[in-house]
Amino acid sequence: MSGANSSSLTPGYFILNGVPGLEAAHIWISLPFCLMYIIALVGNVGLIYLISHEEALHRPMYYFLALLASTDVTLCTTTVPNMLCIFWFNLKEIDFNACLVQMFFVHMLTGMESGVLMLMALDRYVAICYPLRYATILTNPVIAKAGLATFLRSVMLIIPFTFLTKRLPYCQGQLIPHTYCDHMSVAKVSCGNVKVNAIYGLLAAILIGGFDMFCISVSYTMILRTVVSLSSVDARHKAFGTCTSHLGAIVITYVPALFSIFTHRFGGKSIPHHVHILIANLYLVCPPTLNPIVYGIKTKQIREGVIKLFFKEKDALDIKQSQ
């Protein structure tokens with residue numbers, strides 16, 4: 001009987017309300033998000049193109065970076081265009097099943113991003129602690145299997161979100177106070193018991209984010225021990241310098257995520273709801289925007305690859321015009 005009631009209370013669509021309380025400022029809010037999205041698209045697609053075409057970058061570190069860039073550009077594309085449609089054209093309606101699909105991809109890709117950062121930490125660990133065995137340990141098949149395992153882990157742990165959300169009866173309206181379909185934001189619209197959703201959401205966060213942060217911490221502990229043991233100051237500086245870009249990416253990714261989690265858990269009503277929504281959106285947009293910039297500034301090989309590619313294209317254009 002409850003199953004029948006649940007199916008009869010499944011809405012045909014939801015209404016995404018944008019940023020509640022700041023409706024009058026939606027146009028102004030959209031401008032920085034639109035700019036960041038453009039930068040994220042250009043930066044990440046350019047990074048993928050550079051890594052695929054520049055032979056000097058055909059190394060494990062850059063393969064993982066290309067995987068991170070692919071994840072980032074897909075992640076922000078699942079949310080930002082829909083967000084801009086809400087802000088610019090007041091297109092707030094989203095089909096129920098489309099909402100579940102968006103919810104799956106948002107959480108799966110954030111889990112994938114965390115996993116790739118963990119793989120990049122392991123890459124730095126092998127490169128610094130076992131430099132002579134680096135090429136034999138991180139072969140192309142190993143990199144492919146590690147990427148596939150990270151993807152499958154995210155998919156398998158996030159798929160239950162859709163079933164747990166779909167089973168709920170929705171009798172409290174169709175309004176979701178958010179710019180995209182987040183797991184708990186959708187579940188809270190339900191009039192059913194969402195305790196299982198909350199528990200599983202926390203479990204998935206621990207199994208993905210908690211595990212990845214533990215592996216990253218252990219990797220950098222071992223890296224620090226190895227770097228400190230080096231006799232040459234230049235060698236220590238050079239070894240740790242290869243990690244600065246990755247450390248920047250970790251800070252960019254995990255700080256907004258942890259801030260969002262802690263404000264949701266412990267902030268209570270002291271933090272306005274629209275602040276939670278803005279932080280949740282920045283968490284999805286900031287890493288894809290800043291990661292290519294950080295790697296472009298901090299990584300010498302990428303800077304050289306950009307310059308080389310630019311002049312190669314310029315020379316080819318000059319030759320074509322002269323003909």
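Mentor: Start with the disulfide: a pair of cysteine sulfur atoms within 2.5 Å. This is a predicted model, where local features need pLDDT of at least 70, side-chain atom pairs count only at pLDDT 80 or more, and totals for chains, interfaces and linings use all residues. Residues are numbered from 1 along each chain as its sequence is written, and side-chain values use heavy atoms, leaving out hydrogens and water.

Trainee: What makes Cys99 and Cys181 a disulfide?

Mentor: Their S to S distance is 1.9 Å. The cut-off is 2.5 Å. The pair qualifies as a disulfide.

Trainee: Why is this disulfide of Cys99 and Cys181 called left-handed?

Mentor: The torsion about its S-S bond is about -120°, so the link is left-handed. The pair joins distant parts of the chain, 82 residues apart. Cys99 sits in helix α4 (residues 96–129), and Cys181 in the loop between β3 (175–176) and α7 (183–187). Helices (H or I, at least four residues) and strands (E, at least two) are DSSP runs, numbered from the N terminus.

Trainee: How do you know whether Cys99 is buried or exposed?

Mentor: Compare its relative accessible area with the cut-offs: buried is under 20%, exposed is over 50%, and partly exposed is in between (1.4 Å probe, protein chains only). Cys99 has 0%, so Cys99 is buried. Cys181 also counts as buried, at 0%.

Trainee: How many disulfides does a search of the whole structure find?

Mentor: The search finds 2. Cys171 and Cys191 form a disulfide too, with sulfur atoms 1.7 Å apart. The torsion there is 135°, and this link is right-handed. Cys171 lies in the loop between α6 (140–166) and β3, and Cys191 in the loop between α7 and α8 (195–229). Counting bonded cysteines along the chain, the pattern is 1-3, 2-4.

Trainee: Why is Cys171 called partly exposed?

Mentor: Its relative accessible area is 43%, so Cys171 is partly exposed.

Trainee: How do you know what span is expected for helix α2?

Mentor: The expected span is 1.5 Å times one less than the number of residues. Helix α2 (residues 26–53) has 28 residues and reaches 40 Å from first C-alpha to last, close to the 40 Å expected. Its buried residues include Phe33, Tyr37 and Leu47.

Trainee: What makes a set of residues a nonpolar core?

Mentor: The members are buried Ala, Val, Leu, Ile, Met, Phe, Trp, Tyr and Cys residues, joined through side-chain atoms within 4.5 Å. The largest such core has 48 residues; Cys99, Cys181 and Ile176 are among those with the most contacts inside it. Helix α4 gives the most to this core, with 8 residues.

Trainee: Which residues does Ile176 touch?

Mentor: Contact means heavy atoms within 4.5 Å. Not counting residues up to four places away in sequence, Ile176 touches Phe14, Ile15, Leu16, Asn17, Cys99, Ser185, Val186 and Val189.
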